Structure formats: structure tokens, C-alpha cells
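Let's go through this model together and ask what stands behind each label. Here is the structure.

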Amino acid sequence: MPLWFARGLRRGVVTTRYPARPDPSAAELPTPPAFRPDALTRELADRLSLVCPSWALTRNGDVLIFDAGACTACGRCREAAPGAVTASGEFELAATDPAHLVKRIPLLGEGP
Amino acid sequence: MSPASAAGDSGNPALPASPAALASPAEAADALRRSVARQFGRSLHIRTLDTGSCAACEQEIRLLTAPHYDLHRLGFFFTPAPRHADLLMVTGPMIRAFDIAARKTYEAMPGPKLVVATGACALGGVYQPDAFTHGTVGETLPVDVWIPGCPPSPLALLHGLLVAVDRLAAKVRDLTFTRSGGDR
């Protein structure tokens, strides 16, 4: 019997069990941001929408509109405001309607 | 499905109820969509279409056939011809020069057919609409499933494909992308 066969048996299965079980490598994927509404001011929301290179963030009044479809998970908003923005950890983002990807994040409400 | 195989699968849940049993056209359309998805859930052939992407999406799509993800275990296969394809996987911002080719590819596919827009470009993220690009695939083709990501990881692509055939639910609708101060 070839050695690679015995080695494969000893090491176990290499293929992911993904749909049935979570894949361990998913934790290392770059993921879109998650926002802390209690830390988001209007001024900060404007700064984040300027920092975003892919037009995923815009401010409309007291709401930050986040288009998860447009987000490239580059992490620039996280770098700009580490206290208010973290990685969401969500990678299962497929949508049957693009409107489901547009999220309205409420702001703190206080002006600059 | 041929009559012979339909007879063999008597009581097949994939077959829709008779039109008289369904209340409205919308209900009938939904039942038909679900029955198509169940058929595709067993075996689905994918044709990829690059409409001006940077090839990062293609690289991730290529990884789906690697041993770690092993797309074939789920009944998905890639085909080089749109005439053999059930699902069109479109990457890139849909450059205007590609309109005719994209339409011809879509029309060459036998029905029923699905279109999956793949990556942030295809979803309107990276390129704004201008003289050269539509900025989103939805302008040219009827998209069924949208997969975000730049590029979407093979796991995200797998999830999107399984959503397209109704084997997994799309859960992004319920995500808020907010986190209260207590978390983390």
C-alpha cells in the first residue's frame, strides 16, 4: 500500500465540513465592520464615510447608511475609529435582494 | 424532469402542487421557484463570467474545486459552456463593452437558470456608474443572489451557492452590523 494513503488516514480528512459544521478558518477571514451606535457621533460618521474607499458608508441625517454589498472589508474604518468600529465576524452574507444588504446604523444624535 | 423519472419519484416533494390547489399567481411562482431550487440542489452546473474583474474573485472561485472546499461533494460542477450551465456566476463591475456578450451568454443558457452576482464590484461597491461601467451586474442581468466580499472567500461563495439552491437560508437580512458597548 502506498505510504501516502496510510498518512492520509492518520492525519484525517482535509476537506472542510462547512455547511454541516463551522469551518475553523472562518475566524481569520476579513469581515465587514460592526458599529457601536453609542460611540458614533455625526462628526465621526462623516469622517468614516470619507475614509471608506468603496462608497459603502454615507450619513443621512442621524443615520449612518452601511451598504454591506459595497464593503470590501478593507478595515480603514476600523483603523480610523477603533473604539467605535470592530470586525463583525460575519462572512455568510449572500442575499436574495440587494436591499437586504443596506443597513441603517443609528447615530448618537449629538451634533459636532 | 422526464415523465419516467417523475413516475419513479412518486410523492416527490420537489414537484409543485397542481395549479388549481394554489391560491394566487405569486404563490404558484414561489412554489415553482422552490421546486426548481430543489432540482438544482442535487446537481448544478456553473458557468463563470468575468465582466471586468481584477481576477481576485476568479482566484477564490478556482479554490472551490481545491481539496479543502471540494465543491463537487455538494453537487456543484463548473462547465465551460453556457449552454450546459444552470447558474451564471458573474464577477466584475459589468463594463459597458461587455453588454452584448453578457446578454448572449445569458440567453444561451437553458431555462430555468440562476444568476449570482459575485464580489463587491458586481454589487455596486468599487466602481461608480460612468461611461465605461454600469457599476453593478443588476443593470444588465436579472440577479437572483448577491454575494458580497472583496473577494468573497470560498466559504462565502459556498454559502451563496447553497442559498441560490435553497439549501441554506440567507441570514443577512436580520444582521444589524451594530454592537452594543458591552460586547468586546
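Q: What makes Gly61(A) worth a look in the hairpin of β2(A) and β3(A)?
A: Gly61(A) takes a positive phi near 65° in this hairpin, which has two residues between the strands. A word on the model: it is predicted, so local features need pLDDT of at least 70 and side-chain atom pairs count only at pLDDT 80 or more, while totals for chains, interfaces and linings use all residues. Residues are numbered from 1 along each chain as its sequence is written, and chains are lettered from A and ligands numbered from 1 in the order in which they are written.

Q: Why are β2(A) and β3(A) called a pair?
A: Two strands pair if DSSP finds at least two bridges between them. β2(A) and β3(A) have four bridges, in the antiparallel sense, so they meet the definition. Asn60(A) has Val63(A) as its bridge partner in β3(A), and Leu57(A) has Phe66(A). Strands themselves are DSSP runs of E with at least two residues, helices are runs of H or I with at least four, and both are numbered from the N terminus.

Q: What makes β2 and β5 of chain A edge strands?
A: The open sheet of three strands has the order β2-β3-β5 (chain A), with antiparallel pairing. Each of β2 and β5 of chain A pairs on one side only. The twist averages 25° from one strand to the next; here axes are lines fitted to C-alpha atoms, for helices over the stretch in contact, and angles run from 0 to 180 degrees between N-to-C directions. β3(A) joins β5(A) over five bridges, and one of the partners is Val102(A), in β5(A), for Asp67(A).

Q: How do you know that the buried residues of α2(A) line one face of the helix?
A: In α2 (residues 42–51) of chain A, Leu44(A), Ala45(A) and Leu48(A) are buried. Down the axis of α2(A), the buried residues fall within an arc of 100°, so they line one face. The arc is that of the directions from the helix axis to the C-beta atoms. "Buried" means that 20 or more other C-beta atoms lie within 10 Å of a residue's own, "exposed" 12 or fewer, and "partly exposed" in between, with C-beta atoms placed from the backbone.

Q: Which elements of chain A do these buried residues pack against?
A: The buried residues of α2(A) pack against β2 (57–60), β3 (63–67) and α3 (76–80) of chain A. Contact means that two C-beta atoms, placed from the backbone, lie within 7 Å.

Q: What makes up the side of chain A that touches chain B?
A: 39 residues of chain A are in contact with 38 residues of chain B. β1(A) gives the most to this side of chain A, with three residues. The residues of this side divide into 24 nonpolar, nine polar and six charged. Ala, Val, Leu, Ile, Met, Phe, Trp, Tyr, Cys and Pro count as nonpolar, Asp, Glu, Lys and Arg as charged, and the others, Gly among them, as polar.

Q: Why are the strands β4 and β5 of chain B said to pair?
A: Three bridges join β4 (residues 114–118) of chain B to β5(B), and the two run parallel. Thr118(B) has Ile147(B) as its bridge partner in β5(B). The open sheet has five strands in the order β2-β1-β3-β4-β5 (chain B), with parallel pairing. Its edge strands are β2 (76–78) and β5 (145–147) of chain B.

Q: How does α5(B) sit on this sheet, and what angle does it make with β5(B)?
A: α5(B) packs on the sheet, touching β2, β3 (87–91), β4 and β5 of chain B, and its direction makes about 170° with that of β5(B).

Q: What puts the buried residues of α3(B) on the same side?
A: Cys57(B), Glu60(B) and Ile61(B) are the buried residues of α3 (residues 56–63) of chain B. They cover an arc of only 100° around the axis, which puts them on the same side of α3(B).

Q: What makes a set of residues a nonpolar core, and which have the most contacts inside the largest one?
A: A nonpolar core is a set of buried Ala, Val, Leu, Ile, Met, Phe, Trp, Tyr and Cys residues joined through C-beta atoms within 7 Å. The largest has 75 residues, and those with the most contacts inside it are Leu87(B), Val90(B), Val116(B), Ala117(B) and Trp146(B). Helix α5 (residues 154–164) of chain B gives the most to this core, with eight residues.
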